[in-house]
Amino acid sequence: MDSSTFNSYLQSTGITDKRVLEAFLKVPRTEFVLTKDIYRAYEDIPLPIGEGQTISQPSLVAQMTQELKLKGNEKVLEIGTGSGYQAGLLSHLANKVYTIERISSLANHARLIFKKLGYKNIKVVTGDGTKGLKKYAPYHAIIVTAGARDIPQQLIKQLKKGGRIVIPVGKSPADQILQVGVKRHGELKIYDIEPVKFVPLIGKFGWSK
Ligand code: SAH
């Protein structure tokens, strides 16, 4: 699939937000996958990104991105930088992107790609994202791209009024559901979207391994 066919494919999976579709045209997925998988970069499949981690299939990345309902002026926090692909998309959709990764080799690699592609509004932080990133809080939107045990309180605290969080949650790593939370009157109203499968969110307010 080339990138424009890829775009009509994403529309067929329910992606209607024009800005999200445009961002997918701008960010080369080929730069974020392993060299051996470049030929599969535009297939709708999850791919390995090294260190035992994976990047989700593009239709799921698109759906999670669309759920953030970004207009362009927001400050967004991502937990789980991984390859950097999701953050690259967000950099076209928001004003400033903060992204946290616990594995320093992945964080460093993502920084290099952002430099190469000229993405200047992304800040990569190495650390435990289950605590959020208080220094730059509050955020208009938070996206977690690893499977959590529950929604960490710190993340709810660091969300602005009316802000949205998208997060896979499950009692076991094999039993996850994608949830969207909207912060209203200091509380989170939670909507279930669909069953998903993500690598575990490991940290103080996540899984222990
Ligand atoms: N969004 C990524 C894919 C993420 S895979 C992309 O576009 O490529 C999930 C990532 O979350 C992994 O890289 C994993 O190391 C990271 N992760 C897991 N627990 C974390 C935590 N507590 N804080 C930050 N990153 C974490």
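In this predicted model, Pro48 has Thr54 in strand β2 as its bridge partner. The pairing is antiparallel: strand β1 (residues 47–50) and strand β2 (residues 53–55) are joined over three bridges. Two residues lie between the strands of this hairpin. Glu51 takes a positive phi there, near 60°.

Seven other strands were examined next. They form an open sheet in the order β5-β4-β3-β6-β7-β8-β9, and the pairing is mixed. Strands β5 (122–126) and β9 (187–196) form the edges, each pairing on one side only. From one strand to the next, the twist averages 20°. Strand β4 (residues 96–101) pairs with β5 in the parallel sense, over five bridges. In this pair, Glu101 stands opposite Thr126 of β5. Helix α3 (residues 58–67) packs on the sheet. The strands touched by α3 are β6 (139–144), β7 (159–172), β8 (175–184) and β9. The direction of α3 makes about 165° with that of β9.

Helix α2 (residues 18–26) packs with helix α4 (residues 85–93) at an angle of about 125°, and their axes are 9 Å apart. Because of this angle, α2 counts as oblique to α4. The crossing of the two helices is right-handed. On the α2 side, the contact involves Arg19, Val20, Ala23, Phe24 and Lys26. These residues meet Tyr85, Leu89, His92 and Leu93 of α4. By class, the residues of this contact are six nonpolar, one polar and two charged.

How values were computed: Residues numbered from 1 in each chain as written. Predicted model: local features only at pLDDT ≥ 70, side-chain atom pairs only at ≥ 80, totals over all residues. Heavy atoms only, no water. Axes fitted to C-alpha atoms, helices over the stretch in contact; angles between N-to-C directions. Helix = DSSP H or I, 4+ residues; strand = E, 2+ residues; numbered from the N terminus. Parallel < 35°, antiparallel > 145°, perpendicular 65-115°, else oblique. Left-handed = near helix turned anticlockwise from the far one by under 90°. Contact = heavy atoms within 4.5 Å. Nonpolar A, V, L, I, M, F, W, Y, C, P; charged D, E, K, R; others polar. Pairing = 2+ DSSP bridges.
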